[in-house]
Amino acid sequence: MKRIIMIIIVLSIFVTGCERKEEIAQVLDGKPIVYTSFYPLYFLANEIGKAKIDLRVVIPNGVDSHHYEPSLNQLKDIEKAHLFIYNGLDFESWTEKLIDTIIDKDKTLNASEYVELIQIDGHMDPHIWLSPHNMKIIGEKIKDRLIQIDKENKDYYQENYSILSDRLEALDRDYKEVLNEKKRDTILVSHAAFSYMGERYGFKQISVAGISPEQEPSPKTIAEIIDLVKEDGFEYIFLETLASPKTVDIIANEADLKVLILNPIEGLTEEEEAKGEDYISIMEENLKNLKKALVD
């Protein structure tokens, strides 16, 4: 039913879209309208574009990004975008319905096309943003596209990207330096979101759920995980923000594990927004908790 509704919405917008082409083109006289699908890409675009772009995000903070469906008003607004940036790899399942219907493909940027991908259980892992190295690469592509659509502010975008690039490189160095001293090489996580982080910094993940946090494990799988962590002497299990703690609490209680937070940064919580947290500060907190599990 959701697919049928989405198709109807897309067709209705496509029919009326031709009438608005001239209106949309005239927006070029002001700030470029840039849409990002979710927070990590919003962070990059905001750091690079700052006051020179009209930046918007589709998936609001505090919700599960994996299964979010945009509203009709959001779809209509995306039609106005001079650039639409999304993650790809079916992370935002609704994006494929937009391209070349609501928005032309040449006005989009698929972040996953520019980084080396990792496959998990026959599927490409979409969590590419959890590597600062990947974020630097994606940021450069965003910078290039902003310059392409707004040449007058080329130096502004280039300078902002240079500052952002330095921050991401420093974060990458911190992860390498801290985790180079690790005594363990495996973490136990609530869902398989951290393969890019693990690949970059030399650790593996055992996940309670699959790539999607809604993939609930069977009782047999839970029992096997409990036996494994007892046998291998795990001390910690990582829970994600926005995830249900139910299964993690069961495993933690049965295997006498401490629970730590490992944030996949799909969106900020209200508390994080209020405290002025961003991608980099949250990744720094992630590193502190990884140090407890792998180094200390």
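Tutor: Gladly. Let us begin with a definition: a helix axis is a line fitted to C-alpha atoms over the stretch in contact, and an angle between two axes runs from 0 to 180 degrees between N-to-C directions. Keep in mind that this is a predicted model.

Student: With that in hand, what makes α7 roughly parallel to α12?

Tutor: The axes of α7 and α12 cross at roughly 5 degrees and come within 10 Å. Angles under 35 degrees count as roughly parallel, and therefore α7 is roughly parallel to α12.

Student: Which residues of α7 and α12 meet?

Tutor: From α7 they include Leu 168, Leu 171, Tyr 175 and Leu 179, and from α12 they include Tyr 279, Met 283, Leu 287 and Leu 290. By class, the contact of α7 with α12 has 11 nonpolar residues, one polar and four charged.

Student: How do you know whether α6 and α7 are roughly parallel or roughly antiparallel?

Tutor: Helix α6 (residues 132–149) and helix α7 (residues 154–179) pack at about 180 degrees, their axes 9 Å apart. Angles over 145 degrees count as roughly antiparallel, so α6 and α7 are roughly antiparallel to each other. Among the residues that meet are Met 135, Lys 136 and Leu 146 in α6, and Tyr 157, Tyr 161 and Asp 172 in α7. The classes in the contact of α6 with α7 are eight nonpolar, three polar and six charged residues.

Student: Why is helix α3 called largely enclosed?

Tutor: A residue is buried when its relative accessible area is under 20%. Nine of the 11 residues of α3 (residues 39–49) are buried, so the rest of the structure largely encloses this helix. The buried residues include Tyr 39, Phe 43, Glu 47 and Gly 49. Among the elements covering them are the strands β1, β2 and β3 and the helices α6, α7 and α12.

Student: Which other residues have a positive phi although they are not glycine?

Tutor: Leu 89 has a phi of about 60 degrees, and Asp 256 has one of about 55 degrees. Leu 89 sits in the loop between β3 and α5, while Asp 256 is in the loop between α10 and β10.

Student: Why is Asp 256 called exposed, and what is Leu 89 called?

Tutor: The cut-off for exposed is over 50% relative accessible area. Asp 256 has 69%, so Asp 256 counts as exposed. Leu 89 has 25%, which makes Leu 89 partly exposed.

Student: How do you know whether His 191 and Thr 186 are buried or exposed?

Tutor: Use the cut-off for buried, under 20%. His 191 has 1% relative accessibility, so His 191 is buried. Thr 186 has 13%, so Thr 186 is buried too. His 191 lies in strand β7 (residues 186–191), and Thr 186 is in strand β7.

Student: What makes the pairing of His 191 with His 127 a polar contact?

Tutor: A polar contact needs a pair of N or O atoms within 3.5 Å, one able to donate a hydrogen and the other to accept it. The side chains of His 191 and His 127 are joined by such a contact at 3.4 Å. Thr 186 also has a side-chain polar contact, with the side chain of Asp 185 at 3.0 Å. Leaving aside neighbours within four places in sequence, Thr 186 is in contact with Lys 204, Ile 206, Phe 234 and Leu 294.

Student: What makes a group of residues a nonpolar core?

Tutor: The members are buried residues such as Leu, Phe and Tyr, joined through side-chain atoms within 4.5 Å. The largest core here has 72 residues, and Tyr 279 and Leu 290 have the most contacts inside it. Helix α12 gives the most to this core, with eight residues. A second, separate core has 14 residues, including Ile 225 and Phe 234.

Student: Which residues does Leu 290 touch, beyond those up to four places away in sequence?

Tutor: Among them are Tyr 175, Ile 187, Phe 203, Phe 238 and Leu 262.

Key
Residues are numbered from 1 along each chain as its sequence is written. This is a predicted model: local features need pLDDT of at least 70, side-chain atom pairs count only at pLDDT 80 or more; totals for chains, interfaces and linings use all residues. Side-chain values use heavy atoms; hydrogens and water are left out. Helices (H or I, at least four residues) and strands (E, at least two) are DSSP runs, numbered from the N terminus. Angles under 35 degrees count as roughly parallel, over 145 as roughly antiparallel, 65 to 115 as roughly perpendicular and the rest as oblique. Contact means heavy atoms within 4.5 Å. Ala, Val, Leu, Ile, Met, Phe, Trp, Tyr, Cys and Pro count as nonpolar, Asp, Glu, Lys and Arg as charged, and the others, Gly among them, as polar. Buried means under 20% relative accessible area, exposed over 50%, partly exposed in between (1.4 Å probe, protein chains only).
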